[in-house]
Amino acid sequence: MRTSRYLLATLKENPVEAVVDSHRLMLRAGLIRQVASGIYNWLPTGLRVLSKVEAIIREEMNKKGAIEIAMPVVQPADLWRESGRYVKYGPELCRLKDRKQNEFVLGPTHEEVITALCRNEIKSARQLPMNLYQIQTKFRDEVRPRFGVMRGREFIMKDAYSFHVDHESLEQTYQDMYDAYTAIFTRLGLTFRAVEADTGSIGGNHSHEFQVLADAGEDTIAYSDESSYAANIEMAEALAPNEEREAPGAAYSKAPTPGCHTVDEAAAALGIPADKVLKSLVVRGETKEDGTHDLIMLCLRGNQELNEIKAGKIPSVADPIEFATEEEIAAFTGAHPGSLGPIDFKGRIIFDRAADKMSNFACGANEDGFHLINVNLDRDIPNYEVMDLRNVEEGDPSPDGKGKLHLRKGIEVGQVFMLGTKYSEAMGATVTDKNGQNIPMEMGCYGIGVTRVVAAAIEQHHDDKGIVWPEGMAPFQVGIIALGLGKSEAVKAEAEKLYEELEAMGVEVLYDDRDERAGVMFSDMELIGIPHVITIGAKGLDKGIVEYKNRRTLEKEEIKREDVLAALKQKLGRA
């Protein structure tokens with residue numbers, strides 16, 4: 001490809017709207033341009049990278065026997081009503097009507113469509129297992145699109161769906177997809193971890209996320225320093241501290257804490273550390289038939305954070321979790337948030353495992369402007385439950401009993417789910433088994449955020465000059481820079497000859513044949529991240545040499561003109 005006939009579209013300055021490196025570099029290198037909030041054009045360079053990612057995904061999916069199909073972005077709302085997700089999915093589901101007032105949605109995912117397809121096409125257990133996939137545009141109406149394509153509204157995803165006669169068959173395909181994802185992200189040159197994960201709005205009872213380790217990640221993963229254990233912080237179990245409660249001291253008493261609305265403020269007013277103050281949160285229970293709900297108090301050590309995913313899985317607690325309003329709390333307790341505590345609380349009380357070990361602690365008095373001190377469980381709070389409620393912390397013991405946990409930021413690029421029969425039962429997707437009985441098909445689903453993979457790779461692979469692509473993702477393999485092209489016929493002839501030779505070899509080449517300053521051409525090649533760059537200049541040709549530069553190491557070497565093809569073959573792994 002000649003730059004004179006190519007939409008290069010690089011930028012010299014950093015875009016002010018970009019706050020993470022991948023967004024900044026994707027704009028500067030001319031990979032994307034914003035159309036609307038969270039919606040982007042993919043320019044030629046970006047599309048070449050996307051195509052590389054898609055090709056690797058297809059190869060690994062096909063190796064595992066998955067079959068590619070294509071499904072529509074626009075989906076009938078009635079299918080989502082069948083599954084029960086039309087309302088439950090929430091405002092991220094973009095709903096619309098056609099001219100006949102028929103209701104549709106823009107697909108954020110395709111469980112409903114694929115289940116409807118397979119209930120019509122698959123009738124016998126002899127047709128199973130079946131694994132179908134697509135690489136297609138999705139739309140989720142994110143409340144706050146950010147970080148470029150990392151958290152966009154429109155994006156490209158590879159989504160696969162498998163159908164089975166029994167759970168054993170599902171487990172086998174789940175492992176196949178887990179292995180395929182491991183191969184895909186390894187081939188893409190990413191540093192990643194597969195971690196246990198929550199199933200979220202997709203549903204099911206077992207899931208793993210594939211997280212690319214990067215400081216710009218929105219997820220936090222916990223991993224052991226002595227084993228293979230790894231989990232999203234949402235799922236990482238916090239073990240009970242290996243300690244006993246201290247014996248109760250003096251009877252509890254009331255202490256004034258005027259104007260204190262947080263744990264830190266109360267701790268400062270009382271002259272004690274935050275971990276000696278109880279954090280009391282009030283959430284709603286599940287909505288009852290009459291439309292009402294109970295209020296439930298969750299109690300943690302003051303210096304620890306509630307894990308909302310864990311809390312939402314507690315029986316009778318609303319899922320997703322819903323915090324009670326100030327008005328509800330005041331009507332129920334007589335106090336406002338910041339002055340709440342478990343003593344005389346009339347509802348269900350649940351203590352975190354770590355909070356269960358507290359003694360002689362402070363807590364809200366259920367009276368504005370006051371706290372209680374020297375409070376103890378059992379003696380002062382006789383009725384409570386103990387569960388795992390908190391986020392794990394750096395240095396916590398690993399749940400598998402091996403080593404300690406460490407926390408890293410991660411970017412989720414893929415997830416695999418065991419759906420079970422959630423969708424097949426709701427939508428009547430059954431097959432006839434060997435006994436002649438109609439049974440719901442077991443299902444799995446497996447997604448990769450293709451556009452997000454590109455951003456995640458840049459977060460891991462860049463320097464102060466631009467993108468440093470892993471070889472398998474680079475838009476071009478070799479760059480050619482011709483210095484003084486308009487002034488030297490020898491340079492022009494050599495550059496044209498090398499370009500044609502590389503093209504004939506099937507090498508993807510970006511030949512900079514612009515009448516530009518050398519600095520501009522060098523900067524663009526580094527910004528785009530071409531792995532191997534050959535510079536041809538008049539002085540070098542007088543000595544019979546050209547210059548080679550490796551983008552990753554930035555090392556330069558002089559190569560005899562007649563040896564260039566052989567040298568590049570070796571560097572490209574074609575020798």
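Analyst: A salt bridge is a side-chain nitrogen of Lys or Arg within 4 Å of a carboxyl oxygen of Asp or Glu. The model discussed here is predicted.

User: What makes the pair K63 and E60 a salt bridge?

Analyst: The distance from N to O between the side chains of K63 and E60 is 3.2 Å. The cut-off is 4 Å, so the pair qualifies. Side chains of opposite charge can pair when their charged atoms come close.

User: Where do K63 and E60 lie, and how many residues apart are they?

Analyst: Both belong to helix α2, which covers residues 44-63. They are 3 residues apart, about one turn of the helix.

User: How many salt bridges does a search of the whole structure find?

Analyst: The search gives 40.

User: Why are α1 and α11 called roughly perpendicular to each other?

Analyst: The axes of helix α1 (residues 21-28) and helix α11 (residues 450-460) cross at roughly 105°. Angles of 65 to 115 degrees count as roughly perpendicular. The crossing angle falls in that range, so α1 and α11 are roughly perpendicular. Their axes come within 8 Å.

User: Which residues make the contact between α1 and α11, and how do they divide by class?

Analyst: From α1 the contact has D21, S22, L25 and M26, and from α11 it has V454, A455, I458 and E459. By class there are 5 nonpolar, 1 polar and 2 charged residues.

User: What is the volume of the second largest pocket, and which residues lie closest to its centre?

Analyst: The second largest pocket holds about 290 Å³ of space. It is lined by 20 residues, and those closest to its centre are H261, S280, L281, P337 and G338.

User: Which elements give two or more residues to this lining, and which gives the largest share?

Analyst: Two or more residues come from each of α7 (263-270), β14 (278-284) and β17 (361-364). The largest share is that of β14, with 5 residues. Divided by class, the lining has 12 nonpolar, 7 polar and 1 charged residues.

User: What is the phi of D344, and where is D344 found?

Analyst: D344 has a positive phi of about 65°, although it is not a glycine. D344 sits in the loop between α9 and β16 (348-352).

Notes:
Residues are numbered from 1 along each chain as its sequence is written. This is a predicted model: local features need pLDDT of at least 70, side-chain atom pairs count only at pLDDT 80 or more; totals for chains, interfaces and linings use all residues. Side-chain values use heavy atoms; hydrogens and water are left out. On a 1 Å grid over the protein atoms alone, a cavity is a set of points where a 1.4 Å probe fits but cannot get out, and a pocket is an open set with protein on both sides within 12 Å along at least five of seven lines; lining residues have an atom within 4 Å of a point. Grid points are joined across faces, edges and corners, and a volume is the space filled by probe spheres set on the points. Helices (H or I, at least four residues) and strands (E, at least two) are DSSP runs, numbered from the N terminus. Ala, Val, Leu, Ile, Met, Phe, Trp, Tyr, Cys and Pro count as nonpolar, Asp, Glu, Lys and Arg as charged, and the others, Gly among them, as polar. Axes are lines fitted to C-alpha atoms, for helices over the stretch in contact, and angles run from 0 to 180 degrees between N-to-C directions. Angles under 35 degrees count as roughly parallel, over 145 as roughly antiparallel, 65 to 115 as roughly perpendicular and the rest as oblique. Contact means heavy atoms within 4.5 Å.
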